[in-house]
Amino acid sequence: PSCFGYPLSIFFIIINEFCERFSYYGMRAVLVLYFKYFLQWDDNLSTAIYHTFVALCYLTPILGAIVADSWLGKFKTIVSLSIVYTIGQAVMAVSSINDLTDQTQDGSPDNIPVHIALSMIGLILIALGTGGIKPCVSAFGGDQFEEDQDKQRSRFFSIFYLSINAGSLLSTIITPILRAQECGIHSKQRCYPLAFGVPAALMAISLVVFIAGSGMYKKAKPQGNIMVQVSKCIGFAIKNRFRHRSKEFPKREHWLDWASEKYDKRLIAQTKMVLKVLFLYIPLPMFWALFDQQGSRWTLQATTMDGNFVVFSPYVHLQQTVNPILIIIMVPVVDAVVYPLIKKCKINFTPLRKITVGMFLASLAFVAAALVQVQIDKTLPVFPAAEQSQIKIINLGTDNASIKFEPELGHVDVASMGSTGYMIFETSRLQSLKVTSGNKTQLDTIELPGGKRHTLAVKNNETDLVVKWLLDNVTSKPEEGNNLIRFLNNLPDPVNVTMGETSFGNLAPLSDSNYELFPGGRQDGITVVRNSITCLNTSKALGFGSAYTIVINECSRDNLTVTYSEDISPNTVHMAWQIPQYFILTCAEVVFSVTGLEFSYSQAPSNMKAVLQAGWLLTVAVGNIIVLIVAGASKLSEQWAEYVLFAALLLAVCIIFAVMAYFYTYVDPNEIEAQFDEEEKNQVKKDPDLYEKKAEADSEM
């Protein structure tokens with residue numbers, strides 16, 4: 001059955017691909033965040049495991065191709081590995097349920113190893129599934145067309161690529177929104193089970209849709225895997241060359257010609273073409289090493305930025321959606337506008353030159369990322385070292401105050417109801433302080449633990465001068481753009497404080513609450529109860545990634561007056577500054593990735609396309625392994641320096657590739673194959689039984 005001239009079966013395949021890509025990219029969009037905030041891993045371990053997983057996803061296609069071609073056939077391979085894949089996604093969703101091991105019901109899992117074990121099992125199954133079906137689905141789609149449907153087949157591949165990007169675009173927008181929801185039985189937490197559960201459901205739908213079309217598919221029998229034959233041919237050539245290494249044997253034109261005793265000329269010629277392209281692939285993994293850091297380092301970079309977008313709820317990982325949006329726009333623009341313009345300028349923009357330009361652009365994108373990182377680093381707070389103390393002063397009285405740190409470590413004046421920033425002192429040198437406010441003066445000795453932040457609250461009452469130390473137990477900037485809030489009671493009576501849904505409990509006069517975490521970019525209502533009088537106010541917009549002490553100064557019938565003292569300043573570098581690096585990297589992907597696939601196809605013999613496809617995917621896997629090695633070996637403490645290092649490495653590789661490309665001569669596999677066809681025809685005329693002999697020889701191989 002057909003529809004608009006296309007086999008009806010391909011619509012099932014395209015829907016299946018859309019659901020599968022949604023499932024994969026949706027899970028990947030929140031994976032680093034799951035590692036960091038749920039499994040409590042640090043940035044480096046999260047990045048390492050993420051890239052190990054991606055590498056695994058690109059190593060398994062070789063396995064999938066061999067299983068499909070030599071043993072099960074494409075249809076059965078897709079079905080059986082999709083089942084494995086669906087189980088993996090379901091295990092991943094279960095691993096993220098914090099109530100699974102939360103016996104204490106405090107909102108965080110008590111037995112992290114259980115969650116780690118489950119998520120690792122889930123990820124291994126997903127890598128087997130997604131990688132195993134990757135080389136089969138597109139080829140299975142291609143198999144559905146008749147010989148004379150070239151035009152429809154190429155249109156199918158375009159729609160297929162579009163469905164991949166549509167699936168990834170939707171999922172990178174939707175799963176972070178799902179993650180941002182609050183869910184849980186005992187306590188409300190970020191909803192990872194939903195963020196992983198929806199991809200799992202889509203994978204199940206993908207499987208059902210694919211099986212539903214079963215009756216319509218053209219299912220080709222497994223033909224034996226060409227990769228195995230190529231490997232045997234290369235192995236035999238090397239072995240044979242080694243056997244005949246003495247001088248008495250004449251040299252042969254190419255080392256692969258040593259396989260001619262056992263393998264026919266056509267296979268040897270095809271293998272030569274493939275090896276020529278695979279040799280060019282050697283520098284390519286460096287590109288993927290940079291490209292795939294979008295999902296790890298760049299995502300973590302965004303969590304230290306100001307995510308205040310008008311359209312998007314903050315911390316939807318907008319940047320991960322930038323790439324698929326740009327791809328959908330850029331592919332047609334580059335094809336229809338940029339390349340024709342370059343052609344008009346009489347520049348011969350060969351495929352290998354395009355790939356070189358792609359590598360250069362990717363290295364440029366990392367320079368842009370480094371520049372953004374330098375700006376972010378300027379906004380990060382400095383915390384005291386072990387032998388230091390940081391002190392800030394809040395003046396809670398109506399008179400100005402002057403504080404002098406002895407012995408002669410400086411003095412500071414604070415206006416009434418004002419506060420200072422943090423000042424750093426050597427803890428061992430701090431001995432005493434002298435506070436003067438109004439007409440009162442007080443001397444205090446100082447005994448502070450090192451490596452901590454403290455607030456000194458000063459208040460000149462009618463009767464006395466009160467000096468009170470508060471410990472600020474904030475040791476890092478709040479992550480993911482959240483805010484930390486605490487209250488300080490500047491009233492003579494005890495009060496009960498609530499902000500939003502969070503209760504801060506009862507506060508005695510001149511005492512402070514603990515810090516509580518609030519989502520960034522929100523304004524919450526503040527409720528203060530004093531002597532059975534309830535006062536209401538709304539907090540100001542507190543930005544992203546900040547910490548504040550809110551001082552309660554007045555609470556009467558219809559009036560609640562508070563002042564804000566900033567303990568950690570909010571993120572000030574806007575997320576939009578990441579767009580240039582994403583734009584440059586997407587331009588790099590368009591000229592590199594699309595051209596690379598095209599080039600591989602044009603330079604490969606018809607029956608070897610799968611080998612080059614596997615080789616291409618292998619470069620992605622190796623690229624992710626490079627990230628692990630470089631990030632592990634370089635002991636760079638500064639993130640911007642690591643970005644510059646990657647940019648420099650890719651630039652060096654880009655120059656090497658340009659030299660290799662300069663010496664590459666393009667071939668036309670069809671011409672070479674036509675020559676062999678011609679030779680075979682001539683031989684058949686001379687020896688009519690040749691085909692039968694050849695078939696017997698092939699079956700022995």
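**Surface and cysteines**

Modeller: Isoleucine 625 is partly exposed, with a relative accessible area of 33%. This is a predicted model, and isoleucine 625 lies in helix α15.

Colleague: Which residues form the nonpolar patch on the surface?

Modeller: Ile625 is one of them; the others include Leu56, Ile124 and Leu618. Together the patch residues have about 690 Å² of accessible area.

Colleague: And which elements give two or more residues to it?

Modeller: Those are α3 (43-72), α5 (112-143) and α15 (609-633). Helix α15 gives the largest share, four residues.

Colleague: Changing topic, how many disulfides are there?

Modeller: A search of the whole structure finds two. Cysteine 183 pairs with cysteine 191, with 2.0 Å between the sulfur atoms. Cysteine 535 pairs with cysteine 555, with their sulfur atoms 1.8 Å apart.

Colleague: Where do cysteine 535 and cysteine 555 lie?

Modeller: Cysteine 535 is in strand β18 and cysteine 555 in strand β19, so the pair ties together parts 20 residues apart in sequence.

Colleague: Is cysteine 535 buried or exposed?

Modeller: Buried, at 1% relative accessible area. Cysteine 555 is buried as well, at 2%.

Colleague: What about cysteine 345?

Modeller: Cysteine 345 is in no disulfide; the nearest cysteine sulfur belongs to cysteine 587, 17 Å away. Cysteine 345 is exposed, with a relative accessible area of 54%.

Colleague: Where does pLDDT stay under 50?

Modeller: Over residues 310-316. Where pLDDT is low, the predicted coordinates should not be read in detail. The mean pLDDT of the protein chain is 85.

Methods: Residues are numbered from 1 along each chain as its sequence is written. This is a predicted model: local features need pLDDT of at least 70, side-chain atom pairs count only at pLDDT 80 or more; totals for chains, interfaces and linings use all residues. Side-chain values use heavy atoms; hydrogens and water are left out. pLDDT is the predictor's confidence in each residue, from 0 to 100. Contact means heavy atoms within 4.5 Å. Patches are made of residues with over 30% relative accessible area and no salt bridge: like charges are joined within 9 Å, nonpolar side chains (Val, Leu, Ile, Met, Phe, Trp, Tyr) within 5 Å. Accessible areas come from the Shrake-Rupley method with a 1.4 Å probe; for residues, only the protein chains shown count as cover. A salt bridge is a side-chain nitrogen of Lys or Arg within 4 Å of a carboxyl oxygen of Asp or Glu. Buried means under 20% relative accessible area, exposed over 50%, partly exposed in between (1.4 Å probe, protein chains only). A disulfide is a pair of cysteine sulfur atoms within 2.5 Å.
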